[in-house]
Amino acid sequence: MLSPSHLADFCAEHHDDQAHPVDKYLDHFQLSDKTIMDLSIRFRREMDKGLCRDTNPTAAVKMLPTFVRSTPDGTEQGEFLALDLGGSNFRVLLVKVMADGKPEVQMENQIYDIPEHIMRGSGSQLFDHIADCLANFLEKLGIKEKRLPLGFTFSFPCQQTKLDESVLVSWTKSFKSSGVEGKDVVSLLRKSIKKRGDFDVDILAVINDTVGTMMTCGYDDHHCEIGLIVGTGTNACYMEHMRNLDLLDGDEGRMCVNTEWGAFGDDGTLEDLRTDIDREIDAGSLNPGKQLFEKMISGLYMGELVRLILLRMTKEQLLFQGKTTAQLLTTGSFKTNHIFAIENDKGEEGLTSAEQVLRGLGLDPSEEDCTTTRRVCQIVSTRAAHLCAATLVAVLRQIRDNKAAEKLRTTIGVDGSVYKNHPEFSRRLHKMVRRLVPDCDVRFLQSQCGSGKGAAMVTAVAYRLAAQHAERQRILDTLRLSREKLLEVKRRMSEEMARGLSKLTHEQASVKMLPTFVRSTPDGTEHGDYLALDLGGSTFRVLLVRLKSGKGHNVEMHHKIYSIPQEIMQGTGDELFGHIVCCIGDFLEYMGMKGASIPLGFTFSFPCHQSKLDQGILLNWTKGFKASGCEGQDVLTLLKDAVRRRQDFDLNFVALVNDTVGTMMTCSYEDPQCEVGLIVGTGTNACFMEEMHNIELVEGDHGRMCVNMEWGAFGDMGELDDFCTEFDRVVDNSSNNPGKQRYEKMISGMYLGEIVRNVLIDFTEKGLLFRGKLSERLKTRCIFETKFLAQIESDRLAMRQIRSILQHLGLTSSTCDDSVLVKEVCRVVSSRAAQLCAAGLAAVVDKIRENRNLNQLCITVGVDGTLYKTHPHFSRIMQETLQDLAPQCQVTFHKSEDGSGKGAALITAVACRVQSEGQP
């Protein structure tokens, strides 16, 4: 006989000394923290096996994709039906979801029995019964004529191929209906409904009860990303990253995975932890060798575990004076809810329920028998809670690792009779989970409405996602260009090129086709020292280029990079050119060449009208420059004046070129077939070697001259108005030069981030992104840098890294789904830019081919610019589109590795060579 003071000790989860014989007898049922942690690691390995395509077929833990891609966000609304089948009861629900103001759910439901003969009869009997119950429910509510969307909670292991298609893998929980395993349960239900013919529903989703629980709780707590059931059976689900789901194609976003962890151990993984009692339970079950983990935890087996322990102890003279009864010998006579009642007793009396249960089994228990029985119940239910904690911890660690979070904050939605009704189970589970993962802030949220509501929520989310997807695609379609549209852009570019070359229409043309007076590309004999300046963005380079003639085209380069502050970019011309001269002086001093007179070439990457090689009238600033007193002036004269004002050194000015021509010359030095230059960076432009007889602005018909297209201004006369979107117009209107450089604003690095930002704002304001919550930082112009597009679209970048970019933009509560959508927006915007660039380039190479009366043209394009070089997909999309739009041209792209500054030196060298040879 034990005193009341000992009873308190027995309630504790762990005993330092096994004071009672039952603790020694059931030693194998009591798991140490080390064993529990080892089990958690074991289960994590099993999860990996289930997720991997190669090992999934033999994995016990199947990790089944559910095709549920998102949890509720609170904006769902409408009327939805739900069916909930997972045990001997079956529920039909009508769920009304309201999103006006505070999200609210109203439900009506009816519970129907499933007789045992139907549970173990034929599949058609089962689904006919479900259809009959559904018809009865609809008739009672007077909504039989409505065709409502329906979600079906089907709580058995299923293989899903889509949200509304689910093939039963195997029955569990005493179900044995024939002809269902291996079949799609949605098709079977539809067939039974059709057979009745008096109502119809739109079955949108089939889920299991665990997913339903997660979705139900997810409606109330948006942090909920795990579902847990501990009732008749046990299972868990969670939101897994698609990149880990080997079983499906695609690696973006997340999908709910149904672990089906009840089968953990079916491959022998748990043999060292299973006891003889567990083996006896399994042998006497309907499915020997299956669901072994579930048989150690769930309500269907917990009472039977206790009965078998009591029976064995009785036979060994440790209980009831060794006397058994018919009831104690009867399978299933000790119910799991008996455990709930026995462990619920508190205080000194404490053993009343145990006595009542045991007397109900025909036994005459002593007080010690009652105490021992209670301790057996505690040990069995504690083991169940701790086993459950071990596997749950593995799931939490997986989610934490997916997010690369130092501390994970998450919510677990829980349902099931054991969790809800056992007086200590939930506390023991929570305590062990928090002890094993102190780096996770875990909230347990009990599902108040059962998994049926979850089926309705999955359906509601599916409805919301479909509507949102359609609206997003409608918006993004305005940014997508068909082949026909791209061919039209090519045609219009060709027209504008012709207008720019013609003396008659040059003034009205948007594409100016400016002569550069560069008449030749390098031939390899160039040699000597040349100074080059390179101005085209917020940095400025000064270079010394040493050319050595002969084989190998030996080039030696020295350079320094100087920044140009924003206030100088938008100040006066005198300030800008004074700053440039100051930088040149610093470089010459750095190189020890202040007294030397070296030929100089100036790469000036802005639209200029040239009448000779060493003169260029600035037509207009682009790329954020606004220095006053420069437009309409000769750039080299402004530079010479600044040098004179400084009175520190002298320079020999030979050539003024833009970066595009410089790029072409740099690449043609290495590839003689290079006759086109292309820049896709902060801005965009192209140049090419045009036949002199086509250039009406310059005297002479023989030979060729490089033409600087200044194609960034294509569209300034309205040629692209029908291709411009509302986002292009917003970006243009808020720029430094509204109405100018329209083509450039659809392509170049200076503007793509702004286009994306405006699309994201539009999506958010329409409730299609970031749960409709706009951050102040995202409202800031130019905050979404174009480099973010390259980073976000990188195939190597995980979703969590995209989220870190969004957090930098003040979107701290962005979800994985948000990251997927942001990536899609970036992809659409950058793809359009690459395709538009290709359409313009197609017009150029086709013109060269036609100029030369060739059926097939082989040509090289020298290309430079950060967007082309650093974006992971831009170059590929541009090249593929060019091949499609100009199939008679075989185009090779030669990436300029030395920037356009080297090109200025090469043009200067070519000019010096031509001059020394006495050519005109």
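A residue counts as buried when its relative accessible area is under 20%, as exposed when that value is over 50%, and as partly exposed in between, with a 1.4 Å probe and protein chains only. By that rule Ala404 is exposed, with a relative accessible area of 51%. The model you are looking at is predicted, so local features need pLDDT of at least 70, side-chain atom pairs count only at pLDDT 80 or more, and totals for chains, interfaces and linings use all residues. Residues are numbered from 1 along each chain as its sequence is written, and side-chain values use heavy atoms, leaving out hydrogens and water.

Let us stay with Ala404 for a moment. Its phi is near 50°, a positive value in a residue other than glycine. Ala404 is found in the loop between helix 13 (367-403) and strand 12 (408-415); helices (H or I, at least four residues) and strands (E, at least two) are DSSP runs, numbered from the N terminus. Gln317 also has a positive phi, of about 65°, although it is not a glycine. You will find Gln317 in the loop between helix 9 (299-315) and helix 10 (326-329), where it is exposed at 55% relative accessible area.

Now for the aromatic rings. Rings of Phe, Tyr and Trp (its six-membered ring) pair if their centres lie within 6.5 Å; planes under 30 degrees apart are stacked, over 60 edge-to-face, and the rest tilted. The structure holds 22 such aromatic pairs. In one of them, the ring centres of Phe606 and Trp621 are 4.9 Å apart and the planes stand at 85°, so the pair is edge-to-face. Phe606 lies in the loop between strand 18 (599-604) and strand 19 (608-612), and Trp621 in the loop between strand 20 (615-618) and helix 20 (635-646), so the pair ties together parts 15 residues apart in sequence. Phe606 is buried at 1% relative accessibility, and Trp621 is buried at 5%.

Trp711 and Tyr743 make another edge-to-face pair, because their planes are at 85° with ring centres 5.4 Å apart. This pair links distant parts of the chain, 32 residues apart: Trp711 is in the loop between strand 24 (704-708) and helix 22 (726-733), and Tyr743 is in helix 23 (residues 742-747). Elsewhere, Phe152, Phe154, Phe156, Trp171 and Phe175 form one aromatic cluster.

Some rings also meet a charge. A charge sits over a ring if NZ of Lys or CZ of Arg is within 6 Å of the ring centre and within 35 degrees of the ring normal. Lys623 lies over the face of Phe606, at 5.2 Å from the ring centre, and the charged end of Lys560 sits over the ring of Tyr590, 4.7 Å from its centre.

Finally, consider the cysteines. A disulfide is a covalent bond between the sulfur atoms of two cysteines. Here the term means a pair of cysteine sulfur atoms within 2.5 Å, and the count comes to 0 disulfides. Cys256 is buried, with a relative accessible area of 0%. For Cys724, the closest cysteine sulfur is in Cys837, 16 Å away and too far for a bond. Cys724 is buried too, at 7% relative accessible area.
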